[in-house]
Amino acid sequence: MGASAEVYRAVLEGLREPSVLGAVVTSHKVGLFAAAADAFEELDPLARQCREINSIRNDGGRLRGYARDPISVGRVVEEIWPDRGGELLCLGSGGTAIALGEHLLRRGHTGRLRFVDREPAAVAGLRAVLDGPQISAEAADGPFDAEIAALAPGALIVNATGSGKDRPGSPVTDAVSFPVGGVVWELNYRGDLHMLRVARSQASARGLRVHDGPSLFCHGWAAALTTALDLPEDPGLAQKFMDALEL
């Protein structure tokens, strides 16, 4: 994390080799766009709009970049939170948070969409992409217990911080109180998963629906591999991955 633009560009040049089909980009998708968007021969409209690249195809030495997060995030959120007017609190404002906001705006969501992040630069990046009267984004140190406690019943709370996975820590404490009937979505699929454990401990008493990260992990890889390998669109591919992993 935090690699220089020169490192990103050197990696891209290696992807032009004939033996390379493409690449899936995970934690570096926003950094890659910032460092080397102009090194691609082609970027799809979502990559330009969301300012991220998470799938690369090598087409005879010509690099094509795609943003597939809005596709994969959209497929999961439609399953777990089809509410068109509910309140969202997204902890984190990086690439996956931007993809989530982009999908919700595109589907015509009317409820409040609030994003908080410890990094002012990440907040600025989200504000540059997402725009709408229901959007708010601010920098805050966390933990975010107070922001969660203020939510209306049925709200969606998303942990998109990477805390506990890419870096130590948790966006909440054990004292956090989730809204009655809320939906809690932990995007992490490995690491400490502290927020997931706390939400599960409150699920019965507060009527929570709690979702973990492996589903999005499979949807994300399925969507990214589709473009990287030039495969036909198959929304069922993620389910095949989940079945193989016995999720």
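Me: In which sense do strands E3 and E4 pair, and over how many bridges?
Reply: Strand E3 (residues 55-59) and strand E4 (residues 62-66) pair in the antiparallel sense, over 5 bridges, where pairing requires at least two DSSP bridges between two strands. Strands here are DSSP E runs of at least two residues and helices are H or I runs of at least four, each numbered from the N terminus. This is a predicted model, in which local features need pLDDT of at least 70 and side-chain atom pairs count only at pLDDT 80 or more, whereas totals for chains, interfaces and linings use all residues. Residues are numbered from 1 along each chain as its sequence is written, and side-chain values use heavy atoms, with hydrogens and water left out.

Me: Which residue is the bridge partner of Asp59?
Reply: Asp59 has Arg62, in E4, as its bridge partner.

Me: And what order do the strands of that sheet take?
Reply: The order is E1-E3-E4-E2, an open sheet of 4 strands with mixed pairing. At its edges are E1 and strand E2 (42-43), each of which pairs on one side only.

Me: Switching topic, how many residues are in the largest nonpolar core?
Reply: There are 28, and those with the most contacts inside the core are Leu88, Leu100, Phe115, Val158 and Trp185. Such a core is a set of buried Ala, Val, Leu, Ile, Met, Phe, Trp, Tyr and Cys residues joined through side-chain atoms within 4.5 Å, and buried means under 20% relative accessible area (1.4 Å probe, protein chains only).

Me: What does Trp185 touch?
Reply: Leaving aside residues up to four places away in sequence, Trp185 touches, among others, Val73, Val76, Val77, Ile80, Leu100, Val158, His211 and Leu216, a contact being heavy atoms within 4.5 Å.

Me: Last one: what lines the second largest pocket?
Reply: Its lining includes Val7, Tyr8, Val11, Leu12, His28 and Ile56. A pocket is an open set of points on a 1 Å grid over the protein atoms alone, with protein on both sides within 12 Å along at least five of seven lines, and lining residues have an atom within 4 Å of a point. Helix H1 (5-14) and strand E1 (22-24) each give two or more residues to this lining, and the largest share, 4 residues, comes from H1.

Notes. Buried means under 20% relative accessible area, exposed over 50%, partly exposed in between (1.4 Å probe, protein chains only). On a 1 Å grid over the protein atoms alone, a cavity is a set of points where a 1.4 Å probe fits but cannot get out, and a pocket is an open set with protein on both sides within 12 Å along at least five of seven lines; lining residues have an atom within 4 Å of a point.
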